[in-house]
Amino acid sequence: MCGIVGYTGFREAYPILIEGLSMLEYRGYDSAGIAMINDQGLSVHKDKGKVDHLRSITNQICQGGPKIGIAHTRWATHGAPSLINSHPHCDQNNKIALVHNGIIENYARLKDKLIDDGIRFSSETDSEVLAQLIGIYYEDDLEMAVRRALLEVVGTFGIAVVAHDNPTEIIGARKGSPLVVGVGENEMLIASDASAIVRHTKKVIYLKDNNIIKLRPDQYSVTTLDNHKINAEIHNIEWDADSLAKGGFEHFMLKEIFEQPETIENAMRGRLLISEGTSRLDGLNLVLQELRGIQRIIFVACGTSWHAALVGEFMIEDIAGIPVEVEYASEFRYRNPIIDSHTLVFVISQSGETADTLAALREASHKGATVLGICNVVGSTIARETHGGVYLHAGPEIGVASTKAFTSQLTVLSLLTLLLGRMRRISHSDGVTIATALSKIPEKVRQILKQNDHIRSIAEIYAKHNNFLYLGRSYNFPVALEGALKLKEISYVHAEGYPAAEMKHGPIALIDKDMPSVILALKDAVYDKVISNIQEVNARGGSVIAIASEGDTNIQKYARHVIYIPETIAMLSPLLAVIPLQLLAYHIAAIRGCEIDQPRNLAKSVTVE
Ligand code: AGP
């Protein structure tokens, strides 16, 4: 989950590397470092802390210098955040420097052997083992040394390596951790993702597992680990560097919450066929007859994407009548799931790099399943390894707490439901009703966003509370889970999401005046039941913040605070109901002074198991 960036070319490397690290900081931010090659050999600077700290300690000494370097921002796995554990790591003779994202699983055994051979280690990391191995093998051919070392390690890696006596060459390699190469005019970049590259070039190569790349300013070559030449395809990045800026918002998370009317629109553009009451999802790469034959769907995902999958389950079972199972990717990968030839597997992932989801994808593929993806990041590993799928087109999501990707996932799942539903259960007119309601969602989201100040005033009342309960039923039970996850991720406040009726089977014991409940109480089939749940909370002295349907004045009798959202059909209500919960979490975190875009212990893209 660390961020890597490297540069070789005709420009000064330092500003490019530091700026690149800032773009990648969402991947990890407990320490940062940089290695460049100058006349004296390797010059390495690193420390515990964020990229800004690295900038402050290197600004004076690194300017005006080398035209090659590698840099890293870390999310600790082996060894606490500290100066010695920060990357880049060098071999004991300072011949090479390496930055690494991933985990070397057999590092302990390799380290013991190297220590027996007299190698001195200076960190507690698994990565240093790889640096030492490369250093041992390096004489004058860095690519060969990297290849030899990689053949000895077990685990995952995205690496960039430079040598003290080679001021033009970077070697990169990947297995399980993403790496993308930017191909410029007389300059090359390498990074964990395109956000660190797009300001310099839009031409990129997505490295595949077991690929090694040799970069020089004016050339590159790609080979496999066992040294077969590869013709790598060059892709064009379709989004702008501008989409990586905060655009006047205080945090990326807030900007991304406010982008949702557009991102939802983008997810349905060209796909929603209102007059036909269906949708068109060409990327699935399945002909309609194949889709008709599906008897069961399995959704596999983690975190927020898993919550979206739960909503998808409700939608597809309700509208298309196909049985759906929703699996945590981390569990699915180690089970022995039953997947027959009529089962379709969907993996859902914003980043397209989540290690557990990727492993689940591979497990389903090994079982012969057709595996489709619902992904945001174009060219990501999951997008490339699935047999087909649907992109979210939400643009880069930088805030660690996923917001716009969630609503885009729900939009794509609604389109999928419409497509499957029209083939099986619902009439043309029902299809038109759903499609029309979906087309109106962006405008309704805009209306909810106008209540930002109202939601902030509620946040002010509750920002000091340390426990929250989130309750919802039916389609909005997953929204309760998502609301609770948002709050705990960015404000470090304990929050539990529950099906509203399940509360009385345990969590009700927690309710008192200090534990507010956020309750989704929309005018739908379970409205009266939810009102009863609200009364149960009131009876125990708890206070209720209700998310309610516009025009429902009755709810004011039961809830201390009400946030109204426009009405829509039940299956689409999560797309609206989640918006106030995102804002509530955001404002509580902001009032508590938390680091919203980079919450402690988290990383945007979880590329370790
Ligand atoms: C969301 O706010 C979280 N940061 C996290 O749960 C995330 O959704 C999860 O790690 C899955 O990520 P993915 O969608 O990129 O696979």
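Student: How many residue pairs are in polar contact between domain 1 and domain 2?
Tutor: The model we are looking at is a predicted one, and the pairs counted here are those in which both residues have a pLDDT of 80 or more. With that condition in place, the number of residue pairs in polar contact between domain 1 and domain 2 is 2.

Student: Into which domains is the chain divided, and how far apart are the C-alpha centres of domain 1 and domain 2?
Tutor: The division gives domain 1 (2-242), domain 2 (245-439) and domain 3 (443-609). Taking the C-alpha centres of domain 1 and domain 2, the distance between them comes to 33 Å.

Student: How many residues does the contact take from domain 1 and from domain 2?
Tutor: Domain 1 spans residues 2-242 and domain 2 spans residues 245-439. To the contact between them, domain 1 gives 11 residues, and the number from domain 2 is 11.

Student: What area is buried between domain 1 and domain 2?
Tutor: The size of an interface is often given as the accessible area lost when the parts come together. For domain 1 and domain 2, carbon and sulfur atoms give 55% of the buried area, and the whole of that area is about 940 Å².

Student: Which side chains meet in a salt bridge at 3.1 Å, N to O?
Tutor: A salt bridge needs a side-chain nitrogen of Lys or Arg within 4 Å of a carboxyl oxygen of Asp or Glu, so a distance of 3.1 Å falls inside the limit. Across the interface of domain 1 and domain 2, the rule finds 1 salt bridge. The side chains that meet at 3.1 Å are those of Arg362 and Asp209.

Student: In helix 7, which residues are buried, and against which elements do they pack?
Tutor: Within helix 7 (residues 260-268), the buried residues are Gln260, Pro261, Thr263, Ile264, Ala267 and Met268. They pack against strand 16 (272-273) and against several helices, namely helix 6 (252-258), helix 13 (404-424), helix 14 (428-439), helix 15 (441-449) and helix 19.

Student: Is Gln132 buried or exposed, and which backbone oxygen does its side chain reach?
Tutor: Gln132 is found in helix 4 (residues 127-137), and its relative accessibility is 1%, which is under the 20% limit, so Gln132 counts as buried. Leaving aside neighbours within four places in sequence, Gln132 is in contact with residues including Cys90, Leu114, Arg120 and Phe121. At 3.1 Å, its side chain reaches the backbone oxygen of Arg120.

Student: Why is Thr386 classed as buried, and which backbone oxygen lies 2.8 Å from a polar atom of its side chain?
Tutor: Thr386 lies in the loop between helix 12 (381-385) and strand 22 (388-391), and it is classed as buried because its relative accessible area is 10%, under the 20% limit. A polar atom of the Thr386 side chain lies 3.2 Å from the backbone oxygen of Ala383. The backbone oxygen at 2.8 Å is that of Ile382.

Student: Which residues are joined by a cis peptide bond?
Tutor: The loop between strand 4 (68-74) and strand 5 (89-90) contains Pro88. The cis peptide bond, with omega about 0°, joins Pro88 to the residue His87.

Student: What is phi of Asn94, and what is phi of Tyr492?
Tutor: Asn94 sits in the loop between strand 5 and strand 6 (96-101) and is partly exposed, with a relative accessible area of 46%. Tyr492 lies in the loop between helix 17 (477-491) and strand 24 (494-499), and at 27% relative accessibility Tyr492 counts as partly exposed. Neither residue is glycine, yet phi is positive in each, being near 55° for Asn94 and, for Tyr492, near 60°.

Technical notes:
Residues numbered from 1 in each chain as written. Predicted model: local features only at pLDDT ≥ 70, side-chain atom pairs only at ≥ 80, totals over all residues. Heavy atoms only, no water. Domains from an automatic or database assignment. Contact = heavy atoms within 4.5 Å. Buried area = accessible area lost by both parts, 1.4 Å probe. Polar contact = N/O pair within 3.5 Å; in protein donor to acceptor, adjacent residues only side chain to side chain. Buried < 20%, exposed > 50% of the residue type's maximum accessible area, 1.4 Å probe, protein only. Helix = DSSP H or I, 4+ residues; strand = E, 2+ residues; numbered from the N terminus.
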